[in-house]
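The exercises below ask you to read local features from a structure and to check each step against stated cut-offs. Please look over the sequence and the coordinates before you turn to the solutions.

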Amino acid sequence: MRVLSLFDGASCGRLALERVGVEVDTYLSSEVDRWAEAVADSHYSDERLGDVRAVRRSKVGHVDLLIGGPPCQSFSVCGKRLEFDDRRGLLLLEWIRLFEETNPTWFLMENVPMSKDCEEYITSQLGVEPIHLNSAWFSAQNRKRVYWTNIPREPSTKKTLNLSDIMDRKVTVSASMWAIK
């Protein structure tokens, strides 16, 4: 599978794909945070494309899966909700541009709950209805999120978890996992 990850962070999308058994042949990522890229580079030797605004279809070729969550600060209830009047909000339009340019087989975009107008605009551009989920249904963290995807899925089962529900799981974190070169 050929994956294009926008706003890739530390390549957690690649890690998630591995953990669910998706075989990735090529993973192209766009990220500008040098610390996040350093963490990603310590785990993977994937091609880094830099700033999303400079990414073009001619650079990435065919895309099977397009993933990513554009910066949310301009849409979040925790911010001023300037939406597309905030330069960070315009980065969401870059995700949509690359969606249109690459015409991926599959896609998944994530963001925070936002105004109905913004949500409807994204929906009209991607051609799918959003899915509203709360990570509390799957983990001990309360984070409401909105997803647009054409990936077939099972309906989610809402079950709020508490920290005590997951504390008995054995988790090992090695120091090298967080190493920055």
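**Exercise 1: a loop residue and its partners**

Asp46 lies in the loop between α2 and β3, where helices (H or I, at least four residues) and strands (E, at least two) are DSSP runs, numbered from the N terminus. The model is a predicted one, in which local features need pLDDT of at least 70 and side-chain atom pairs count only at pLDDT 80 or more, while totals for chains, interfaces and linings use all residues. Residues are numbered from 1 along each chain as its sequence is written, and side-chain values use heavy atoms, with hydrogens and water left out.

Task: determine whether Asp46 is buried or exposed, and find which residues it is in contact with, leaving aside neighbours within four places in sequence.

Solution. Step one is accessibility: Asp46 counts as buried because its relative accessibility is 14%, the class being set at under 20% relative accessible area, with exposed over 50% and partly exposed in between (1.4 Å probe, protein chains only). Step two is the list of contacts (heavy atoms within 4.5 Å), which for Asp46, once neighbours within four places in sequence are left aside, holds Arg14 and Tyr27. Step three looks at the side chains, where a polar contact of 2.8 Å joins Asp46 and Arg14; such a contact is a pair of N or O atoms within 3.5 Å, of which, within protein, one must be able to donate a hydrogen and the other to accept it, and residues adjacent in sequence count only if both atoms are side-chain atoms.

**Exercise 2: helix α2**

Task: state which residue caps the N-terminal end of α2, and what the buried residues of α2 pack against.

Solution. The cap is Asp33, with a side-chain oxygen 2.9 Å from the backbone nitrogen of Trp35. In α2 (residues 34–43), the buried residues are Ala36, Glu37, Ala38, Val39 and Ala40, and the buried residues of this helix pack against β3 (47–48).

**Exercise 3: helix α4 and what follows**

Task: compare the reach of α4 with the expected span, and describe the phi of Asn103.

Solution. With 13 residues (90–102), α4 reaches 19 Å from its first C-alpha to its last, close to the 18 Å expected at 1.5 Å a residue, a span defined as 1.5 Å times one less than the number of residues. Its buried residues include Trp95 and Phe99, and among the elements covering the buried residues of α4 are β1 (2–6) and α5 (116–126). Just after α4 comes Asn103, which has a positive phi of about 45 degrees although it is not a glycine, and which counts as exposed because its relative accessibility is 62%.
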